[in-house]
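Below is a short briefing on one chain, arranged by topic. Please read it alongside the sequence and the model.

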Amino acid sequence: MNNPPVYERIPNSVQEALNHVSDNDFAIAMSNLVYAREAMIGFDALNEPERVVFCLDKLEQEINNGGFEQYFHNLSGNIATATPSALRAMGASQVASIVEKALEVFPNSQPPKDQAQREKQMASWGPEEEDILENLDKAFLAYPEPLAKLERGYVQKHEKFFLVPHGAGQSVRDI
């Protein structure tokens, strides 16, 4: 049986992820590793370094796919308030500030953890909030900081904290 490609495979170790020369392949491997752990135990049970990587990955996936509006609309909005501190932990203070500005469209900068409540608040947004988020999408997508390099450095410093989930070496589809 052939090994699944990097974008579909849970690495056997953090070192395996770190061995990827391509920052993109590294980020995908780390994503697969922490997503598999999160799927098994939930976000709150992840340790701090795993949560940092998970927050970054959720943010990048959603913003690159549909902007902050999609980020808040989807389940990623449940962890939005944890994301700025996660970004700062890896040295991405400029991106953390962008996320904090996006959070300000919610009362007290606190999106509801309940997705239905969050969607209800979002449905009341007008052109002002949409313009704010569109400008912040552009600011994020300009990548003011090298997120993959910062993630790699963070993972290297905290390597021992990344636990290998059950199903390592298998396809992400098998978990």
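**Briefing**

Glu48 and Arg51 form a salt bridge in which the closest N and O atoms are 2.8 Å apart; a salt bridge here is a side-chain nitrogen of Lys or Arg within 4 Å of a carboxyl oxygen of Asp or Glu. The model is predicted, so local features need pLDDT of at least 70 and side-chain atom pairs count only at pLDDT 80 or more, while totals for chains, interfaces and linings use all residues. Residues are numbered from 1 along each chain as its sequence is written, and side-chain values use heavy atoms, with hydrogens and water left out.

**Overall fold**

- The chain has eight helices and zero strands, where helices (H or I, at least four residues) and strands (E, at least two) are DSSP runs numbered from the N terminus.
- In sequence order the pattern is α-α-α-α-α-α-α-α.
- The radius of gyration of the chain is 16 Å, close to the 16 Å that the globule rule gives for 175 residues, so the chain is as compact as a globular protein of that length. The radius is taken over C-alpha atoms, and the rule is 2.2 Å times the number of residues to the power 0.38.
- The C-alpha trace spans about 50 × 30 × 25 Å along its principal axes.
- Of the 175 residues, 44% count as buried; buried means under 20% relative accessible area, exposed over 50%, and partly exposed in between (1.4 Å probe, protein chains only).
- Among contacts between residues at least 6 apart in sequence, 67% join residues at least 24 apart, a contact being heavy atoms within 4.5 Å.
- The chain exposes about 8900 Å², and carbon and sulfur atoms supply 48% of that area. Accessible areas come from the Shrake-Rupley method with a 1.4 Å probe; for residues, only the protein chains shown count as cover.

**Charges and salt bridges**

- There are 15 positive and 26 negative side chains, and the centres of the two sets lie 6 Å apart. Lys and Arg count as positive and Asp and Glu as negative, while His and the chain ends are not counted. The place of a charge is NZ of Lys, CZ of Arg, CG of Asp or CD of Glu.
- Six salt bridges are found in a search of the whole structure.
- Glu48 and Arg51 are three residues apart in helix H3, a separation of about one helical turn. Glu48 is partly exposed at a relative accessible area of 42%, and Arg51 is partly exposed at 22%.
- Arg37 pairs with Glu50 in a salt bridge whose closest N and O atoms are 2.7 Å apart. Arg37 lies in helix H2 and Glu50 in helix H3 (residues 48–73), so this pair ties together parts that are 13 residues apart in sequence. Both Arg37 and Glu50 are buried.
- Arg152 pairs with Asp23, with the closest N and O atoms 3.4 Å apart.
- Arg152 is buried, with a relative accessible area of 14%, whereas Asp23 is partly exposed at 22%.
- A network of salt bridges links Asp23, Lys149 and Arg152.

**Buried charges without a salt bridge**

- Glu151, in helix H8 (residues 147–157), is buried yet has no salt bridge; Arg152, the nearest side chain of opposite charge, is 8.3 Å away.
- Not counting residues up to four places away in sequence, Glu151 touches Phe26, Ala27, Met30, Val53, Leu56 and Met90.
- Lys58, in helix H3, is also buried and has no salt bridge, with Glu62 as the nearest side chain of opposite charge at 4.7 Å.
- Leaving aside neighbours within four places in sequence, Lys58 is in contact with Tyr35, Tyr71, Ser76 and Ile79.

**Positive phi in loops**

- Most residues other than glycine have a negative phi.
- Asn108, not a glycine, has a positive phi of about 60°. Asn108 is found in the loop between helix H5 (93–103) and helix H6 (115–123) and is exposed, with a relative accessible area of 72%.
- Tyr143 also has a positive phi, near 45°. Tyr143 is in the loop between helix H7 (127–141) and H8 and is partly exposed at 31% relative accessibility.

- Gln15 is in helix H1 (residues 14–18) and is partly exposed, with a relative accessible area of 36%.
- The C-alpha atoms of Gln15 and Lys160 are separated by 9.8 Å, although these residues are 145 residues apart along the chain.
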